[in-house]
Amino acid sequence: MRITQTTLQKMLENNEKFTVLTCYDATFATILENAGIDVLLVGDSLGNVLHGENTTLSVSLNDMIYHTRCVARGVSKAFIITDMPFGSYQVSPEQAFENASKILAAGAQMVKIEGGQIMADTIQFLTQRGIPVCAHIGLMPQSIHQLGGYKLQGNSEKSAKQLLSDAKLLEKSGASLLVMEVVPAKLAKKITQALAIPTVGIGAGADCSGQVLVLHDMLGLSQGKKPRFVKDFMADAKSIQEAIANYVTAVKTGQFPGKEHEF
């Protein structure tokens, strides 16, 4: 049976954690689905891990549509979320709708949009017109220059209050999921408890409804310094399939992320 946003909502209500990994092609889509991954995120992180760029800013709408089609061909059950790339939704709600509709037509069941309060009207516009939205707050890679680098967000009283306020507003605007990236675990727990929709953490502690990592990071393939929130699941596995299955088990049982992966 196909996983839907209703499935994820029921998992939240049943206190069952769900698993998310980034995915960019049909082969890995099939591998991830067979290993028990619930949600595949066609992430604009492909700019980093596939294109070799330092940021996600150069990724185009056509890139995201192409990779969404590839992933969709490889699965029959997993829920597919696709990032809306930089510049594809910030101009107006109408622009966002036009581009999001192309992503859904390519095979995604939901689009992901970065931004807090400023994106509330756009999210409302999309969701009222049949396009499910996953919101994204905290560290937002598309705003990396404005944020001044890849660093912890919500670590002051003022910024923590803003993130909580943003989360509540985005839920009210119609977001069905909320990704929180690189925020203190205590804040992520507080936000999760304040919302009725599922949250997905990446560097946001173990109390989120689900967890996401970049596929290449959790397989130990990424070059350079490893972020604190990443665990190399290939280190104790004999195959990619085993590594992914171990990730599923670790998330479902609450073993990952551990305290060493939190902020």
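This is a predicted model: local features need pLDDT of at least 70, side-chain atom pairs count only at pLDDT 80 or more; totals for chains, interfaces and linings use all residues.
Start with everything shown as a cartoon. The protein has 11 helices and 8 strands. Its C-alpha atoms fill a box of roughly 50 × 40 × 40 Å along the principal axes. Among contacts with a separation of 6 or more, 63% join residues 24 or more positions apart.

Switch to a surface. The accessible area is about 11700 Å², and carbon and sulfur atoms hold 50% of that. Of the 263 residues, 55% count as buried.

Colour by charge. There are 24 positive and 24 negative side chains, with the centres of the two sets 5 Å apart. The salt bridges number 6.

Select helix H5, residues 93-105, and show Glu98 and Lys102, which sit 4 residues apart, about one turn of the helix. Their closest N and O atoms are 3.9 Å apart, forming a salt bridge. Glu98 is partly exposed at 46% relative accessibility, and Lys102 is partly exposed at 37%.

Move to helix H8, residues 157-172, where Glu157 and Lys161 are also placed 4 residues apart. This pair forms a salt bridge at 3.5 Å between the closest N and O atoms. Glu157 is exposed at 59%, as is Lys161 at 56%.

Next select Lys259 and Glu262, whose side chains meet in a salt bridge at 3.8 Å, N to O. Here Glu262 is buried, with 12% relative accessibility, whereas Lys259 is exposed, with 67%.

Finish with Glu16, Asp38 and Lys252, which are linked in a network of salt bridges.

Notes
Residues are numbered from 1 along each chain as its sequence is written. Side-chain values use heavy atoms; hydrogens and water are left out. Helices (H or I, at least four residues) and strands (E, at least two) are DSSP runs, numbered from the N terminus. Buried means under 20% relative accessible area, exposed over 50%, partly exposed in between (1.4 Å probe, protein chains only). Contact means heavy atoms within 4.5 Å. Accessible areas come from the Shrake-Rupley method with a 1.4 Å probe; for residues, only the protein chains shown count as cover. Lys and Arg count as positive and Asp and Glu as negative; His and the chain ends are not counted. The place of a charge is taken as NZ of Lys, CZ of Arg, CG of Asp or CD of Glu. A salt bridge is a side-chain nitrogen of Lys or Arg within 4 Å of a carboxyl oxygen of Asp or Glu.
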